[in-house]
Amino acid sequence: MPVTDLLVTLELLPSKSEARRMIQNGGVKINGAKAESIHADIALEHGMIIQVGKRKFVKLQMHQ
């Protein structure tokens, strides 16, 4: 899943353009590592932690 789509789907950011800006400014971390590219695809995993800015965190819970 594209990282910009993921951020909008999880309602961490209001739009894809805002998600692109946040990634380019270094404000998005996935499992503690900065998201480097706006074109990156993310493989969703159980327990994955996504951080936007200093205070927004989401931990993914996958259901079987």
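Which residues does Gln 51 touch, not counting residues up to four places away in sequence? Gln 51 touches Gly 27, Val 28, Lys 29, Lys 56 and Phe 57, where contact means heavy atoms within 4.5 Å. The model is predicted: local features need pLDDT of at least 70, side-chain atom pairs count only at pLDDT 80 or more, and totals for chains, interfaces and linings use all residues. Residues are numbered from 1 along each chain as its sequence is written, and side-chain values use heavy atoms, with hydrogens and water left out.

Helices (H or I, at least four residues) and strands (E, at least two) are DSSP runs, numbered from the N terminus. Two strands are taken as paired if DSSP finds at least two bridges between them. On this basis, four strands form an open sheet in the order β2-β1-β3-β4, and their pairing is antiparallel. The edges are held by β2 (33-34) and β4 (56-59), each of which has a single partner strand, so one side of each is left without a neighbour in the sheet.

Strand β3 (residues 49-52) runs antiparallel to β4 and is joined to β4 by four bridges. Within this pair, Val 52 has Lys 56 of β4 as its bridge partner, and Gln 51 stands opposite Phe 57 in β4. Three residues lie between the strands of the β3 and β4 hairpin, in which Gly 53 takes a positive phi near 70 degrees.

Gln 51 itself belongs to strand β3. With a relative accessible area of 17%, Gln 51 is buried; the classes are buried for under 20% relative accessible area, exposed for over 50%, and partly exposed in between (1.4 Å probe, protein chains only). A polar atom of the Gln 51 side chain lies 2.9 Å from the backbone oxygen of Gly 53.

## The loop between β2 and β3

Gly 47 is placed in the loop between β2 and β3 and is partly exposed, at a relative accessible area of 24%. Not counting residues up to four places away in sequence, Gly 47 touches Asn 31, Lys 59 and Leu 60. Gly 47 and Met 62 are 15 residues apart in sequence, and their C-alpha atoms are 7.8 Å apart in space.

Leu 44 also lies in the loop between β2 and β3 and is partly exposed, with a relative accessible area of 38%. Together with Met 1 and Met 62, Leu 44 forms a nonpolar surface patch with about 250 Å² of accessible area. Patches are made of residues with over 30% relative accessible area and no salt bridge; like charges are joined within 9 Å, and nonpolar side chains (Val, Leu, Ile, Met, Phe, Trp, Tyr) within 5 Å. The areas come from the Shrake-Rupley method with a 1.4 Å probe, and for residues only the protein chains shown count as cover.

## Helices and salt bridges

Thr 4 lies in helix α1 (residues 3-9) and is buried, with a relative accessible area of 8%. Leaving aside neighbours within four places in sequence, Thr 4 is in contact with Lys 16, Ala 19, Arg 20, Ile 23 and Ile 38.

Side chains of opposite charge can pair when their charged atoms come close. A salt bridge is defined here as a side-chain nitrogen of Lys or Arg within 4 Å of a carboxyl oxygen of Asp or Glu; by this rule the count comes to two.

| Salt bridge | Distance, N to O |
|---|---|
| Lys 16 and Asp 5 | 2.9 Å |
| Glu 18 and Arg 21 | 3.0 Å |

Lys 16 lies in helix α2 (residues 16-24) and Asp 5 in helix α1, so the pair ties together parts that are eleven residues apart in sequence. Lys 16 is partly exposed, with a relative accessible area of 42%, and Asp 5 is partly exposed at 23%. Glu 18 and Arg 21 are three residues apart in helix α2 and are therefore separated by about one helical turn. Glu 18 is partly exposed, at a relative accessible area of 28%, as is Arg 21, at 43%.

## Positive phi values

Most residues other than glycine have a negative phi. Glu 11, found in the loop between α1 and α2, has a positive phi near 60 degrees and is exposed, with a relative accessible area of 70%. Asn 31, placed in the loop between β1 (28-30) and β2, has a positive phi near 55 degrees and is partly exposed, at 45% relative accessible area.

Conventions: Polar contact = N/O pair within 3.5 Å; in protein donor to acceptor, adjacent residues only side chain to side chain.
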